[in-house]
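Welcome! Let's walk through this structure together, one question at a time.

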Amino acid sequence: MPADAAEVTERWPNYQEGDFVITDYVFRTGETLPELKLHYRTLGTARRNTAGKIINGVLLLQGNTGTGANWLRSSLADELFAPGEPLDAAEYFIIMPDAIGRGGSSKPSDGLKGKFPHYRYHDMVESGYRLITDCLDVGHLRLIIGSSMGGMHAWMWAERYPDLMDGVVPISCQPVEISGRNWLGRRGQAEAIRRDPDWNNGFYETNPRHYIYAAAGNFGTESPTRIQEIAPTLAAANALYERRLTEAAKGDANDALWAIEAIQDYNPEPDLDKIKAKVLLINDAEDHANPPELGTVERAMKRVKHGRYVLIPAGPNTHGHFSHFYAELWKPYLIEFMQTLGAPVQAAAE
């Protein structure tokens with residue numbers, strides 16, 4: 001689990017949290033919000049060019065669940081930010097936003113409930129760009145690394161802002177339109193909320209009680225090997241389900257629904273040839289959310305000018321889709337990749 005704020009402040013240099021508010025934000029659906037708040041965390045050492053812009057930024061994009069604090073888990077932070085590690089906090093300025101709908105950023109449960117705008121992935125990327133450029137004064141990123149949903153966003157960042165970054169590392173994702181089993185599972189989760197008799201079109205007083213039973217049993221993205229190790233008997237499996245049920249009951253139905261449906265505009269494949277940065281895509285062979293046998297990744301990667309695809313074989317320490325939480329599994333590839341980036345592109349602009 002992510003470390004608490006006191007521990008993080010003591011451990012990592014210049015750790016800060018803040019909020020950035022965009023006034024009168026217009027979403028792609030045409031809906032508006034008078035104030036869109038984005039919460040963020042930063043740590044590390046900022047270096048600026050003569051114009052005062054940060055030029056050594058590393059943007060870390062979270063998965064669909066949790067917040068930007070996911071990157072502060074010991075299995076990530078200790079492997080990445082410590083002295084001598086690939087994202088040494090003495091060398092880089094590290095940015096970890098909470099995406100729209102998560103953590104301290106604007107979301108339905110803040111009060112608007114069913115009236116909250118139906119945001120999409122393009123809104124999440126565009127607002128994130130405004131955060132790092134307008135609020136944090138970032139002029140250039142050395143890297144964007146994203147896991148799961150964050151990996152999908154990383155593809156979109158690379159297409160929409162091709163001169164912004166030197167390298168892009170999407171993990172546990174595919175650069176193709178959401179479809180097939182991936183969408184079918186999400187659609188089922190969304191319908192379980194929409195058809196919950198307590199949902200009331202999003203204007204409930206207490207969190208709906210029924211959809212959480214289906215949510216608690218959703219293990220489709222996780223390594224079946226690791227799940228079997230955790231729950232090797234019927235009693236252990238029932239206990240695991242009950243723990244998941246408790247966790248599901250803590251969430252908010254609207255927040256979950258809006259987050260699920262935000263993915264509907266995701267389709268980076270047609271614009272992959274616009275990417276200028278070098279790209280390293282890392283997946284796990286046992287990732288049942290992104291089955292390698294589909295061939296969709298190989299098809300899409302042909303359009304990426306400077307791309308490499310790594311498929312980590314299943315092993316005793318892998319976690320399927322959630323291997324992205326364990327940097328020890330993919331850090332060696334990251335180190336190799338960073339050695340190929342050469343001198344930062346932004347150096348000439350100083």
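Q: Which residues line the second largest pocket?
A: This is a predicted model, in which local features need pLDDT of at least 70, side-chain atom pairs count only at pLDDT 80 or more, and totals for chains, interfaces and linings use all residues. Residues are numbered from 1 along each chain as its sequence is written, and side-chain values use heavy atoms, with hydrogens and water left out. A pocket here is an open set of points on a 1 Å grid over the protein atoms alone, where a 1.4 Å probe fits, with protein on both sides within 12 Å along at least five of seven lines; lining residues have an atom within 4 Å of a point. Around the second largest pocket these are H122, V125, M156, E159, R160, D265, Y266, N267, P268, D271 and K274.

Q: Which helix gives the most to the lining of the second largest pocket?
A: Helices are DSSP runs of H or I with at least four residues, strands are runs of E with at least two, and both are numbered from the N terminus. α3 (121-135) and α4 (149-160) each supply at least two residues of this lining. With 3 residues, the top contributor is α4.

Q: How many salt bridges does a search of the whole structure find?
A: Side chains of opposite charge can pair when their charged atoms come close. A salt bridge is counted when a side-chain nitrogen of Lys or Arg lies within 4 Å of a carboxyl oxygen of Asp or Glu. One network of them links E17, R41 and D98. For the whole structure, the search finds 24.

Q: How far apart in sequence are the parts that K331 and E85 tie together?
A: K331 and E85 form a salt bridge, with their closest N and O atoms 2.9 Å apart. K331 sits in helix α11 (residues 327-339) and E85 in the loop between α2 (74-80) and β4 (93-97), so the parts they tie together are separated by 246 residues.

Q: Is R142 buried or exposed?
A: R142 meets D166 in a salt bridge (2.9 Å, N to O). R142 lies in strand β5 (residues 141-147) and D166 in strand β6 (residues 165-171), so the pair joins parts 24 residues apart in sequence. Buried means under 20% relative accessible area, exposed over 50%, and partly exposed in between (1.4 Å probe, protein chains only). At 10% relative accessibility, R142 is buried.

Q: What is the relative accessible area of R308?
A: R308 and E336 meet in a salt bridge (3.2 Å, N to O). E336 is partly exposed, at 41% relative accessibility. R308 also counts as partly exposed, and its value is 38%.
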